[in-house]
Amino acid sequence: MKILVINGPNINMLGIREPGIYGKEGFEDLLRLLDTVSRELGITIEQYQSNHEGCIVDKIQAAYRDVDCIVINP
């Protein structure tokens with residue numbers, strides 16, 4: 001199974017922007033966690049992040065036949 005995980009605008013600012021609200025763990029920590037979980041589950045995860053909605057739409061359309069599902073973290 002292949003899953004595309006799309007992280008939307010400002011997710012790349014985790015751990016930097018308002019850590020009192022969003023936590024101290026950074027974006028790289030999130031990416032590592034997803035990689036670890038995907039290996040444990042035996043699935044493939046492609047990760048993508050953009051601050052531009054049009055780029056996200058382009059990524060979704062490009063992945064149409066290449067992934068089994070898409071998870072969007074807006």
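Helices, of at least four residues, and strands, of at least two, are DSSP runs numbered from the N terminus. With those labels, asparagine 10 sits in the loop between β1 (2-7) and α1 (19-22). The model described here is predicted. Its strands β2, β1 and β3 form an open sheet, in that order, with parallel pairing.

**The sheet**
- The edge strands of this sheet are β2 (44-49) and β3 (69-73), and each of them pairs on one side only.
- From one strand to the next, the twist averages 20°.
- Six bridges join β1 and β2 in the parallel sense.
- Isoleucine 3 has isoleucine 45, in β2, as its bridge partner.

**Helices on the sheet**
- Helix α2 packs on the sheet and touches β1, β2 and β3. The direction of α2 makes about 165° with that of β2.
- Helix α3 (residues 53-62) also lies across β1, β2 and β3. Helix α3 runs at about 155° to β2.

**Serine 38**
- Helix α2 spans residues 27-41 and includes serine 38.
- Serine 38 has a relative accessible area of 6%, so it counts as buried, the cut-off being under 20%.
- Apart from neighbours within four places in sequence, serine 38 is in contact with Ile43 and Ile45.

**The nonpolar core**
- In soluble globular proteins, nonpolar side chains tend to be buried together.
- The largest nonpolar core in this model has five residues: Leu4, Ile6, Ile56, Ala63 and Val67.
- One of these core residues is Ile56. Not counting residues up to four places away in sequence, isoleucine 56 touches Ile6, Gly8, Pro9, Tyr48 and Ser50.

- Most residues other than glycine have a negative phi, and most peptide bonds are trans.
- Asparagine 10 has a positive phi, near 70°. Its relative accessibility is 40%, so asparagine 10 counts as partly exposed.
- Glutamate 18 also lies in the loop between β1 and α1. The phi of glutamate 18 is positive as well, near 45°.
- Glutamate 18 is partly exposed because its relative accessibility is 42%, which falls between the 20% and 50% cut-offs.

**Cysteines**
- A disulfide requires a pair of cysteine sulfur atoms within 2.5 Å. By this rule the count of disulfides is zero.
- Cysteine 55 has a relative accessibility of 34% and therefore counts as partly exposed.
- Cysteine 69 is partly exposed too, with a relative accessible area of 29%.

Notes. Residues are numbered from 1 along each chain as its sequence is written. This is a predicted model: local features need pLDDT of at least 70, side-chain atom pairs count only at pLDDT 80 or more; totals for chains, interfaces and linings use all residues. Side-chain values use heavy atoms; hydrogens and water are left out. Buried means under 20% relative accessible area, exposed over 50%, partly exposed in between (1.4 Å probe, protein chains only). A nonpolar core is a set of buried Ala, Val, Leu, Ile, Met, Phe, Trp, Tyr and Cys residues joined through side-chain atoms within 4.5 Å. Contact means heavy atoms within 4.5 Å. Two strands pair if DSSP finds at least two bridges between them. Axes are lines fitted to C-alpha atoms, for helices over the stretch in contact, and angles run from 0 to 180 degrees between N-to-C directions.
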